[in-house]
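Colleague: I'd like to learn how to read the features of this model. Could you take me through them one at a time?

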Amino acid sequence: MKYMESRRNVTEFVLLGLTENPKMQKVIFVVFFSIYAITVVGNVLIVVTINASPTLGSPMYFFLAYLSFIDVCYSSVNTPKLIVDSLHEKKTTLFNECMTQIFGEHFFGGAEGILLTVMAYDRYVATCKPLHYTTIMNQQMCGLLVGVVWVGGFLHATIQILFIFRLPFCGPNVIDHFMCDLNPLLNLACTDTHTLGLLVAANSGFICLLNFLLLMVSYVVILHSLRNHSLEVRRKALSTCVSHITVVVLFFVPCVFVYMRPAAKLSIDKAVAVFYTIITPMLNPLIYTLRNSQMKDAIRKLFQVTNKCAGAQQ
């Protein structure tokens, strides 16, 4: 009972945001509203294009559509609140809202990490076992892998919440960040969180690092196997792999930096968090479309069909 009372001493948290400079708030609003709009439009466009185009029916595009959907959700966990908070001098979030935000971050972040691994496996089968590709990556297998993505993300987020939810927060309640996350809350807990910090590093940091290393090794194997293919096949596979590797680096490197260390506050933490929670979801559509002629052709055809339909209605 005393434990629950001590935790309830803090019913809300005060977020300091990206900056305490009032003159910068309008700049933050304009910049991040624009980024969020580009993120949503770009990723939704990819989802619609893949579902509407019969030429984009391969497993690679099936997973890419899910990646874009997850990116929209992942960005929507923090960015709208950051935009709204930039209009207010005092930025607060209730305890339960903070827990929900953490769950959302790690649910969609965990799901994206697993999905990137699934996409690497898809490229490995397509490159190293092309004759068996359609047999291995059939509809049932793709559905199973997507199920693993969602279940894995849910389990990861649930473990994180179990770590943090029962911590006692007696005060202070000021978080020097623009969002709720594990490390800032560990610093506020009125108990020894050293062991818990190590568990968080193991559940988030070590898993991110292990995934990143496995993905890098898998892409090295894929690129090495391209030596025996024709120039056209090598060019196409290389273009796809470079896009995937870029997204993997942009996603995992900041995550490893944030979670693979003790829960100490660094001045660069906010910038890193902005990068992997807000900027990376915006960049993913650009990375995958600018280097993919099939996607660009499909988007062009989608706009042509849309313009024809709009012209016919007029």
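Colleague: How much space lies in the largest cavity?

Modeller: A cavity is a set of points, on a 1 Å grid over the protein atoms alone, where a 1.4 Å probe fits but cannot get out; lining residues have an atom within 4 Å of a point. Grid points are joined across faces, edges and corners, and a volume is the space filled by probe spheres set on the points. Here the largest cavity holds about 50 Å³, and the structure has one cavity of 30 Å³ or more. Keep in mind that this is a predicted model, where local features need pLDDT of at least 70, side-chain atom pairs count only at pLDDT 80 or more, and totals for chains, interfaces and linings use all residues. Residues are numbered from 1 along each chain as its sequence is written, and side-chain values use heavy atoms, with hydrogens and water left out.

Colleague: Which residues line the largest cavity?

Modeller: Among them are G17, Q25, L82, D85 and K91. Helices α2 (22–52) and α3 each supply at least two lining residues; helices are DSSP runs (H or I, at least four residues), as strands are (E, at least two), numbered from the N terminus.

Colleague: D85 is in that lining. What does the side chain of D85 meet in a salt bridge?

Modeller: A salt bridge needs a side-chain nitrogen of Lys or Arg within 4 Å of a carboxyl oxygen of Asp or Glu. D85 pairs with K81 at 3.3 Å, N to O. The two are four residues apart in α3, so about one helical turn separates them.

Colleague: Are D85 and K81 buried or partly exposed?

Modeller: Buried means under 20% relative accessible area, exposed over 50%, and partly exposed in between (1.4 Å probe, protein chains only). D85 is buried at 8%, while K81 is partly exposed at 22%.

Colleague: How many salt bridges are there by this rule?

Modeller: Four. One of them joins K270 and D176, with the closest N and O atoms 2.8 Å apart. That pair links distant parts of the chain, 94 residues apart: K270 sits in α10 (residues 269–290), D176 in the loop between β3 (174–175) and α7 (182–188).

Colleague: And how much space is in the largest pocket?

Modeller: A pocket is an open set of points with protein on both sides within 12 Å along at least five of seven lines. The largest one here has about 590 Å³ and 26 lining residues, with M60, R123, K236, A237 and T240 nearest its centre. Helix α9 gives the most to that lining, nine residues.
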